[in-house]
Every structure is written in structure tokens, then in C-alpha cells.
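Take a look at the protein shown here.

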Amino acid sequence: MRKLRSKLLVITLIITALPLLIFGVVLFESQRSEMESQLEGSLFSLANNLSLTMESVLSERMNDLDMMTMNPVLQDESASPSGIRNELEQMVEAENLYMGIVYIDTNGDIVTSTRDEVIGKNVSDRIWYQKARAGNPTLEEAFIDPILKQPIIPLAAPVENDAGSVTAVISPSINENALWEVLWQRLNKMGEHERFSGQAFVVNNEGEYIAYPNSGYVLEESFLDEQGMEENSIKELSTSQEDQLIEHGNDVSVITPVENVGSLANEWYVGYTVPKSGFYANLRQLIYSYLFVFSIVLIITVFAVFKLSKYIVHPVERLAEATSRFAIGKKVFPLQANAYEEVDVLTNTFNHMSEQLEERERGHRQSTMILETTDNGVIAVSRDFMNITTFNAMCEKLFGLDRREALGSSVREVMQKSEDFREFAEKIEENHLKDMQIEMKEIVVPISGKNRTFLVNMTPLPAVDARESSEGIVLIFNDITEKKDMENELVRSEKLKMVGQLSAGFAHEIRNPLTTIKGFVQLFRQSANKEKDIQHYDLVLSEIDRMNSIVEDLLGLARPTRAGDEHSIQVNSLLEELLELYSQQAVKNKTFIYTNFDDIPEIIGDRKKLSQVFVNLIKNGLEAMPDGGVLRVETFMEWGKEPYFEVKIKDTGSGMSEEQLEKIGSPFYTTKSNGTGLGMMTVFQLVEDFKGTLEVDSAPGAGTAFNLRLPAQLAGEATDNDSQNVN
């Protein structure tokens with residue numbers, strides 16, 4: 001409403017439309033009452049015609065009943081049941097309103113009928129039979145016959161002999177569907193029915209449907225219940241012409257009584273229901289006519305005002321739209337200054353301002369894009385309250401914190417929202433945060449439970465206002481954990497290689513003297529006479545064998561895998577064999593071995609070295625549980641571009657500390673009292689030779705899990721490669 005165009009439209013509409021609206025309402029009200037009276041009169045006339053039709057039909061049926069009782073065959077007491085039935089069937093064929101006729105003796109037994117299912121039944125307790133047996137023809141209320149299981153309207157009359165004595169009772173039944181068809185045929189002959197397109201029905205004084213288009217409603221549904229009216233209210237309606245019009249929901253109904261024929265216990269009423277949409281069609285047509293004229297005038301007025309306002313307001317709207325588009329960051333092209341002078345000044349000023357702002361926005365977007373796509377984390381805080389003003393995407397990913405939770409909050413508040421950020425901030429604080437400057441310093445911070453290494457650089461932000469020394473602090477950090485891990489792995493690999501080379505040299509030099517010593521000790525043992533000397537020699541031989549085992553381990557570090565050493569291997573079968581070797585030790589230690597093997601095909605590899613890896617891991621797991629526990633050995637096969645298999649060996653032992661985990665695999669480092677420190681070093685060396693990985697997960701009191709991941713060179717692929725090499 002604050003726009004000039006809107007104000008012009010509203011004022012013009014009020015001036016034009018209000019008088020037209022008042023005139024239309026007065027004229028419409030003067031014609032509406034007259035039209036409603038005409039419509040109601042037509043509806044009442046139609047209902048009265050239907051009532052007369054129903055009276056005529058019932059009177060004709062009573063006349064038919066008199067004719068039936070005078071049939072000579074029925075009066076003949078000696079007539080056979082089959083002869084009587086033939087007469088009854090002819091009567092039914094002559095009048096389609098009847099659904100059947102029964103012939104009843106003076107005892108109430110049905111002697112014959114056009115319906116076989118009722119023959120032999122006794123109806124002496126029926127009121128209509130009792131009235132007819134007493135000599136009174138009757139038309140009774142509709143009811144659901146317990147034998148036929150459907151609604152019927154019974155008529156009954158006595159059959160008398162020449163002496164005037166009642167010899168039998170004849171009872172035809174009116175089909176309620178046929179009764180409604182009579183009403184429908186009458187409606188089709190009336191022009192008013194085509195005008196209203198309604199439906200007729202018959203009800204008794206209690207509101208129960210006697211005839212209805214849907215036969216399922218007959219004697220099952222009540223007109224009174226549908227309209228929410230009280231009992232006997234239909235009779236009250238029939239006494240007043242003004243109250244006969246009943247509006248309910250989307251329909252309008254009229255009720256007319258039927259003259260009592262045949263001593264009915266309850267009065268019948270003919271009703272006619274019309275949809276309101278059809279009943280008030282003429283009224284709606286009148287309303288539509290007024291609305292059409294009103295709309296035409298209104299459209300012409302609005303069009304004229306629109307054309308006038310466009311000339312006045314369009315240049316201002318164009319400038320306002322361009323300003324709005326520019327404010328939400330959309331591209332805006334320079335506007336043409338071709339309106340009146342005041343607007344042209346505003347247009348030129350806007351064009352100049354938008355060019356300057358767009359250039360500044362372009363530089364800001366480029367800086368933001370660099371900030372969000374860099375691998376470095378960037379955090380900026382204000383100088384005064386230490387509120388975070390910059391928190392890029394890398395920070396969100398690293399600290400698991402949405403930037404909307406961080407921006408505008410102080411560093412202390414964000415530390416309470418994220419445990420990882422708190423650890424990081426405390427570590428920065430330890431490194432001279434108050435000095436506001438850290439240049440390329442490495443820090444180690446626990447993030448998500450794992451230590452990560454960051455290279456941090458922190459400098460003051462330059463001030464925009466010359467009156468201040470700086471606006472705040474910007475902290476740029478890079479996660480170099482993987483790089484440090486690679487460097488450590490490279491150092492460890494070089495150590496292992498050097499240890500392997502040195503070990504091989506030592507092993508060759510030690511092996512020959514050991515062989516000689518072992519030979520002489522064995523000769524001395526054979527010539528010993530004392531049991532004590534033999535025990536000493538056995539001890540010396542045991543230690544020599546232990547030294548030979550260490551020498552073998554040392555040689556294994558430096559011995560490369562040769563092509564001739566590679567054979568087809570069933571990984572699951574190999575594990576089962578090795579576990580069988582240690583089954584006795586597991587039973588002795590009260591250790592349960594649980595296995596879960598995936599389907600792994602045959603692979604090509606050095607069986608001896610793979611066995612050495614498995615043996616060391618299984619042995620370490622069992623020895624970690626001297627008081628019993630569970631050793632889980634599981635295999636997994638992963639198919640992909642480069643298939644691989646995993647072997648997971650987990651114990652429930654005492655576990656290892658972080659310090660022990662860092663040293664695992666180092667030469668001669670062991671946690672066992674009788675260990676050499678070469679076993680795990682050999683395992684890591686062999687896994688590296690296999691081009692695989694070995695991950696160790698352990699914590700004090702939580703056991704240790706070794707996850708071995710090795711590439712799977714399938715046996716069939718190896719054969720194909722060998723054939724190609726020969727060719």
C-alpha cells in the first residue's frame with residue numbers, strides 16, 4: 001500500500017466499484033425473493049404429483065387384490081396346487097409390480113406360491129394374514145421377510161366359497177424396486193424433473209425408506225436420522241406448507257403425505273430431494289450476470305489506471321528493482337537515463353555506485369574462494385573481545401563444528417562447544433598466544449582421540465583504521481600428520497633395512513661357529529657318563545638352538561623373496577593349520593579361539609614368509625593372555641580394481657600404552673621377559689615386502705587388535721601373466 005501505483009489503483013477502485021456494488025446488491029435482493037417463491041412452488045407441485053401417483057398405484061393394487069379373490073380356480077376348494085400356481089404365475093406376469101403371490105390355507109400354511117422357497121411355511125402369526133383370515137382385505141407395512149431376506153410390501157385378502165366362508169388367503173407382495181420404478185417413470189414424464197435433476201423416495205411416518213434409488217437403504221436407513229430430526233417430525237412437516245422445504249447439507253428436500261390406502265398402520269410420504277446447486281441455479285445465474293458486468297467495468301478502470309501509473313512510476317520501479325537485485329548479489333547492467341530529469345540523476349548515481357561496489361565484491365569473492373578451498377585452517381579473532389571473525393571450511397571439518405556456532409562467539413565459548421577446539425586452543429596458548437605471533441611452529445594436538453601434528457603460523461591482522469595498531473589475530477595452520485607419519489615410516493623402514501643388512505652379516509659370522517660348537521657339545525654329551533653332565537649339555541644345546549632361531553630371524557630380515565619361493569596359497573587353510581599347532585597352548589592357557597573366515601580364493605605368494613607373519617601375530621596374542629581370554633581370528637575379502645584381503649587378529653589381553661605402541665616394531669624392543677625384539681620387527685619388514693599394511697589398535701585393559709591388509713594376487717591371474725612373459 002505504500003507504492004504510488006497501489007495507491008492510485010485503490011482510490012480509483014473505491015470511487016468506481018463501491019456505487020456499482022451498492023446498486024447491484026439492492027437490485028439482486030429485490031429479485032431473489034420472487035425467484036425463490038417460484039422455485040419452491042414448482043418443487044411442491046412436483047412432489048404433490050408424485051404423491052397422487054403413489055396413491056393411484058396403491059389403489060390399483062387393492063383393486064387387483066379384489067379381482068384375484070374372485071378367480072374361479074382359487075375359489076374352487078378341489079383345485080390342485082399346481083393349477084392354483086399356474087393362475088398365480090399368470091397374475092405375476094400380468095403386473096410387474098409383484099415379486100410373488102402366495103396361496104395360504106386356513107391353518108396359515110403356504111400351500112403353493114410363485115416362489116418355491118416359501119412353500120410349506122406357516123404364516124399364521126403374521127398380522128396381514130390374521131386380518132385377511134378374518135375377512136378383511138389389507139395393505140400392510142413394508143418389512144424384511146425372514147424367509148426371502150429382502151424387503152416386501154404385503155397385500156392380503158380372503159378367498160371365499162359360494163357360501164361366503166373363508167377357504168384360503170391370497171397374498172401378493174409388491175417389489176419395492178418396482179415401486180420406485182413407477183415413481184421414476186412418472187418423473188421422466190414431468191418437465192420439472194429435468195429442470196431440477198433430483199431423486200424421489202417414499203418414507204413412512206417413522207422416517208424409514210420404503211422406496212429409494214439405492215435398494216440397500218430400504219428399511220435400513222432413516223430420512224430422519226440423516227437430517228438429525230426428531231421422531232414423528234415428518235407428520236408435523238406435512239401439516240404446514242411453509243415448513244415442507246427442508247435444507248440439509250448440499251441438498252433441498254420437500255415431503256408430501258400419501259392418502260392412506262388399505263388401512264396402513266403408518267402413513268406414507270413421498271419426498272423429492274434436489275441438489276442446492278440445481279435448485280438455486282437461476283439465482284447463481286443472476287449473481288454471475290451482475291458479477292460479469294461489475295468485472296468488465298472494473299477491468300476497464302484498472303487498465304486505464306495502470307497505463308497512467310506506468311508512465312509515472314515505471315522509471316522509479318526500474319531503479320528500485322535494480323537496487324534490490326544488486327543488494328542480493330545478482331548481476332546488474334547499467335541503466336539507461338531516458339526518463340524525466342529527477343529520475344535520470346538517481347540512475348546515473350546508481351550506475352556509478354554499482355560499478356565501484358561490484359569491483360570490490362569481485363575481490364572479496366576471490367579472497368573467500370581461496371580461503372574456503374585451501375587445505376589450511378584459518379581462524380581470525382578480534383583484538384578486543386577475542387571473538388572469532390573467520391572460521392573456514394577446513395576448521396569446520398577438523399573440529400566438527402559448524403561455522404555458524406563459531407562466528408561471533410568468543411574463543412572461550414567455542415572451547416566449551418568443541419573438545420577438539422579446546423585442545424587446539426590450549427596448545428596454542430602454551431605457545432605464546434599472548435605474544436600474538438608464532439612463526440612456523442609444529443604442535444601436536446589430540447583430535448578425535450588421535451594425536452595430529454600441525455604447522456602453525458600466527459600473525460596480527462593489519463588495521464583498516466590508522467588509529468588502531470591491529471584489528472586482531474589471524475591463525476593459519478596446516479595438518480601435516482600424514483607427512484610426519486610418512487617421514488617416520490621412511491625412517492623406520494631405513495632402520496629396518498640397515499638392521500637387516502647388519503643382522504645378515506652378524507648371522508653369517510655367528511652361524512658357522514655355532515654349528516661347530518653344537519657338534520662338539522653333541523659329541524661330549526654322547527660320551528658323558530653322569531646324569532648331571534648330560535643335563536648341562538642338554539641345556540647348552542637348547543641355548544644353541546635358541547641362538548640359531550635368532551640367527552634365522554636375522555637372516556629373514558635381509559633375505560629377499562625369490563620367484564621360486566612363490567606358490568599357490570589358501571589363506572584360510574594356512575591359518576587353520578597354524579591355529580591347530582597352537583591349540584594345545586590355547587587349551588593350557590584357558591584361551592578360546594574364535595574364527596570367522598570370509599571366502600578368499602587361492603593367491604600367489606611366499607608361504608613361508610606369510611606363515612612367519614601369522615605365527616608371530618598368533619603367538620603374541622596367546623602370550624598376551626596367560627590367564628585366559630578370547631583370540632579372534634577373522635578374514636575378509638574385498639573386490640575392487642585391485643583386490644585385497646584382510647586378516648584381523650584380536651586378543652583380550654592387557655593391551656599396550658601409547659608409548660609401547662610407538663615403539664612396536666623397533667629393533668630389539670620387546671615387552672616379554674624372554675623376547676628378542678625381532679619378531680614384530682620381522683613382521684613389519686615382511687608386510688612391507690608384501691606391499692601391504694599392518695595397523696595396530698590397543699589400549700591398556702582393552703586388548704590388542706592387528707589388522708593385516710595384503711594385496712591378493714589371484715592364482716589364475718598369475719598363470720596368465722607368466723604365459724604372457726614366456727611369449
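## The whole protein

This is a predicted model. The protein holds 23 helices and 23 strands. It has 727 residues, and 38% of them count as buried.

## Helix α3

Start with α3, which runs over residues 81-94. This helix has 14 residues. From its first C-alpha to its last it reaches 20 Å, close to the 20 Å expected at 1.5 Å a residue.

Which residues of α3 are buried? They are Ile 84, Glu 87, Leu 88, Met 91 and Val 92. These residues lie on the same side of α3, because they cover an arc of only 140 degrees around the axis.

## Where α18 meets α20

Next, find α18 (residues 571-581) and α20 (residues 607-623). Their axes come within 10 Å and cross at roughly 50 degrees. The two helices are therefore oblique to each other. The crossing of α18 past α20 is right-handed.

Which residues meet here? From α18 come Val 571, Leu 574, Leu 575, Glu 577, Leu 578 and Leu 579. They meet Arg 607, Leu 610, Ser 611, Phe 614, Val 615 and Ile 618 of α20.

## A buried threonine

Thr 453 sits in strand β15, which covers residues 450-462. Is Thr 453 buried or exposed? Its relative accessibility is 12%.

Leave out residues up to four places away in sequence, and Thr 453 still touches several others. Among them are Glu 442, Ile 443 and Val 444. Asn 478, Asp 479, Ile 480, Thr 481 and Lys 484 are also touched by Thr 453.

## Two lysines with positive phi

Most residues other than glycine have a negative phi. Lys 590 has a positive one, near 60 degrees. Lys 590 lies in the loop between α19 (583-588) and β18 (591-596). Its relative accessible area is 71%, so Lys 590 is exposed.

Lys 691 also has a positive phi, near 60 degrees. Look for Lys 691 in the loop between α22 (679-689) and β22 (693-698). With 70% relative accessibility, Lys 691 counts as exposed.

Conventions:
Residues are numbered from 1 along each chain as its sequence is written. This is a predicted model: local features need pLDDT of at least 70, side-chain atom pairs count only at pLDDT 80 or more; totals for chains, interfaces and linings use all residues. Side-chain values use heavy atoms; hydrogens and water are left out. Helices (H or I, at least four residues) and strands (E, at least two) are DSSP runs, numbered from the N terminus. The expected span of a helix is 1.5 Å times one less than its number of residues. Buried means under 20% relative accessible area, exposed over 50%, partly exposed in between (1.4 Å probe, protein chains only). The arc is that of the directions from the helix axis to the C-beta atoms. Axes are lines fitted to C-alpha atoms, for helices over the stretch in contact, and angles run from 0 to 180 degrees between N-to-C directions. Angles under 35 degrees count as roughly parallel, over 145 as roughly antiparallel, 65 to 115 as roughly perpendicular and the rest as oblique. A crossing is left-handed if the near helix is turned anticlockwise from the far one by less than a right angle, and right-handed if clockwise. Contact means heavy atoms within 4.5 Å.
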